[in-house]
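Dear colleague,

Please find below the structure that I am handing over to you.

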Amino acid sequence: MKDCPSARHLLFLFALAAAPALAKDAQHHHHGATPAAAEPAPQKFTSKGVVVEFQAKPAESAGAIMEGEYTDLKFRVTDAQTKKPIKGRIPGAWMDVAKQFAGKNPENASCKDKIETYLKGMVGVRPMLDLNSYYLLVFNQDASISVIDPLVGVSGRTNLYANIILKRPPADWILSRDGKRLFVSMPDAGQVSVIDTDTFHVVTDIPAGTKPTRLGLQPDGHYLWVGNDAPDDNQGGVTVINTDTLKPASHIATGKGHHELAFSADDRYAYISNRENGGISVIDIRDLKKVKDIKTGSLPIALLTAPASRAIYAADGLDGTVTVISDASQEAVSTIQAKAGLGPMRMTPDGRWLLVLNSKESLVHVIEVATNRLVQDIPVGARPFEIAMSDAFAYVRSLDSEHVAMISLAQLGKPSAVQLSTFTAGSSPPKQVADLAIGSSMAPAVGEAAMLVASPADNLIYYYMEGMLAPSGNFRNPAHSARGLLVVDRSLKETKPGEYTARVRIPASGDYDVAFLLESPRVIHCFQAHAAENPLLKVELKPLDINYVDPQRAVLVGQTAKIKFRLFDPKDNAPKPGMNDVRVLYYAAPGLQRTETAARDLGEGLYEAELAIKRSGAYYVYVSVPTLKMGYGDLQQISLIATEPAKPAP
């Protein structure tokens, strides 16, 4: 990202810069590392009239915290005199293996030095667990998802943290309720990919029927619902996946065409739109059976739940109507007449207003939920197609404009005309990209009044802070074409007044420093934690590692590039010859000419693959060994640059 640290991390930097050597009058009570058999006791630190208590407890069991298991971290911050909780703060916290920084012997100096280093966002200097961070996941046109770290990167080049390789290009995605899993639909593969958001690796691929596209997660998270955009009535409908077993539970036929999904707040009913059949199917979730169809118009285009009013709203693009369905009776109880051309809908955070885009009329229709009346039409850019919400604004993107319109939620329903604000996200309008994703290209930043906007035409992600005239900076998505955006939150949450918590998975056994920073008043301290070895957890070293041998990084179009690499056992560096299923995947950015080829065994652990280079540009090359369960993305990748050969002089 260019010149764009988050507001939260700016506060932390200012706090550190102003912090003197930690006050000598600080009172420190430390319980030390916890024996493996006992539950860790709280640790206390008092400074500048503030008491900070820290505790790390197993999330789902008693006893000590262990490697590979989820752990609940809690910081309780109180006033030393009044004993009242200090609430509404944004403390910083990091968890890393216990060690002193070079040249820093005193414990407090080491802690301060660590925090200062973490805040600088230096490449290669990362804590094992950053409790203030979030990651941007970029939905690419090719069969991949880019993971961008907004705080750490190579200056002026990239913030790319990881690249997740999928079997086929994605269509839609959704996070689990705890944010630990990401589900991604792949229509061409007939599957849903499950990704671990702690490791950013694919866990499994689940069969999900014909052309699985739209995804929905019911409120309790038990079932993942997958819309099957099949061309016939029998295959069209939904596939229901059990999120505990990660296996299909049922397929329910509802009709052909695209499907949108909505759920009752009590997890009793699922509502499935059938675009080509012109209606909404109601499914009893307990029995996983369709109970009725509701006619809502000619072309159901969007579906949304209003939990406060126990209603389902269905927008019809052709008839220009919004049908209100009672969740109590599963009957249409009201019809709101707007204009033809309706599209996506969003509810304001307070549940008071429903905003409906109209691409044909270039309007945002405002519906009052309490009365189900259309109360306002707001002109926006030509052909609006996407809407996102922050606490204060609705953000609207239009196909024909690179400008993002901002509607103040405080002005909704008032008789005076709404005054729009705008900012520019890119140099080209989204219409220049033919294959826009159905997922959102906008996402609110974590803990800040800011919005992240992906520009498909420019392949950049813009960071806009509310109140500014223009984005503060942007992130690059190298060698891929961005289509959508999603945020994975890793930050602390205030779950009770003055209590800031996070659930993390401990990456390894050993002693940890847990660095804590409160910016006002300035409190800096490193607590300690110990993670025991998990007897039930096998130490899973990679069965294989790779070194590329004299790679030919610059190649010419029309030639055959040879890639030679050595495969070895990382435990003892012993070569791994004789494997007959070594495969190589290569493609030109942004996902063109995806090709797989076999690698030849040259002996002594050396392998070679020949790549047919047919166009200029950047190429990504991946290696897999299925017999050792090493898929594409598990081994280090390599990139090539292909150029056209020089033309002979006339």
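The protein has 52 strands and two helices. Please bear in mind that this is a predicted model. Of its 650 residues, 52% are buried. Its exposed surface comes to about 28,500 Å², with carbon and sulfur atoms supplying 50% of that area. When contacts between residues at least 6 apart in sequence are considered, 52% of them join residues at least 24 apart.

Strand S23 covers residues 311-316, and six of its six residues are buried. The cover extends to both faces: Ala 311, Tyr 313 and Ala 315 are buried on one side, and Ile 312, Ala 314 and Asp 316 on the other. S23 is joined to strand S22 (residues 300-306) by six bridges, and the two strands run antiparallel. Within this pairing, Ala 302 has Ala 315 of S23 as its bridge partner. The hairpin of S22 and S23 has four residues between the strands, and Arg 310 there takes a positive phi near 50°.

Strand S24 (residues 321-326) is also joined to S23 by six bridges, again in an antiparallel arrangement. Here Ile 312 has Ile 325 of S24 as its bridge partner. Four residues lie between the strands in the hairpin of S23 and S24, where Gly 320 takes a positive phi near 70°.

Ser 362 sits in the loop between strand S27 (353-358) and strand S28 (363-368). Is Ser 362 buried or exposed? Its relative accessible area is 16%, and the limit for a buried residue is under 20%, so Ser 362 counts as buried. The side chain of Ser 362 reaches the backbone nitrogen of Arg 383 at 3.2 Å. Leaving aside residues up to four places away in sequence, Ser 362 touches Ile 378, Pro 379, Val 380, Gly 381, Ala 382, Arg 383 and Pro 384.

I turn next to charged side chains. Side chains of opposite charge can pair when their charged atoms come close. The structure holds 20 salt bridges. One of them is formed by the side chains of Glu 260 and Arg 214, at 3.2 Å from N to O. This pair links distant parts of the chain, 46 residues apart: Glu 260 lies in the loop between strand S17 (247-253) and strand S18 (261-263), and Arg 214 lies in strand S14 (residues 212-217). Glu 260 and Arg 214 are both buried.

Another salt bridge joins Lys 493 and Asp 489, with the closest N and O atoms 2.5 Å apart. Lys 493 is partly exposed, with a relative accessible area of 38%. Asp 489 is likewise partly exposed, at 34% relative accessibility.

The side chains of Arg 600 and Glu 608 also meet in a salt bridge, at 2.2 Å from N to O. How accessible are these two residues? Arg 600 has 39% relative accessibility and counts as partly exposed, whereas Glu 608 has a relative accessible area of 11% and is buried. Elsewhere, salt bridges link Lys 180, Asp 196, Asp 198 and Arg 505 into a network.

Aromatic rings are the last topic. The structure holds 14 aromatic pairs. Among them is the pair of Phe 75 and Phe 527, which is tilted, with 6.3 Å from centre to centre and 55° between the planes. This pair links distant parts of the chain: Phe 75 is in strand S4 (residues 70-79) and Phe 527 is in strand S42 (residues 522-531), 452 residues apart. Both Phe 75 and Phe 527 are buried.

The rings of Phe 139 and Trp 173 have their centres 5.0 Å apart; their planes stand at 80°, so this pair is edge-to-face. Phe 139 belongs to strand S7 (residues 134-140) and Trp 173 to strand S10 (residues 172-175), so placed that the pair links distant parts of the chain, 34 residues apart. Phe 139 and Trp 173 are both buried. Finally, ring pairs link Phe 54, Phe 75, Phe 516 and Phe 527 into a cluster.

With kind regards

Methods:
Residues are numbered from 1 along each chain as its sequence is written. Side-chain values use heavy atoms; hydrogens and water are left out. Buried means under 20% relative accessible area, exposed over 50%, partly exposed in between (1.4 Å probe, protein chains only). A polar contact is a pair of N or O atoms within 3.5 Å; within protein, one must be able to donate a hydrogen and the other to accept it, and residues adjacent in sequence count only if both atoms are side-chain atoms. Contact means heavy atoms within 4.5 Å. Two strands pair if DSSP finds at least two bridges between them. Accessible areas come from the Shrake-Rupley method with a 1.4 Å probe; for residues, only the protein chains shown count as cover. A salt bridge is a side-chain nitrogen of Lys or Arg within 4 Å of a carboxyl oxygen of Asp or Glu. Rings of Phe, Tyr and Trp (its six-membered ring) pair if their centres lie within 6.5 Å; planes under 30 degrees apart count as stacked, over 60 as edge-to-face and the rest as tilted.
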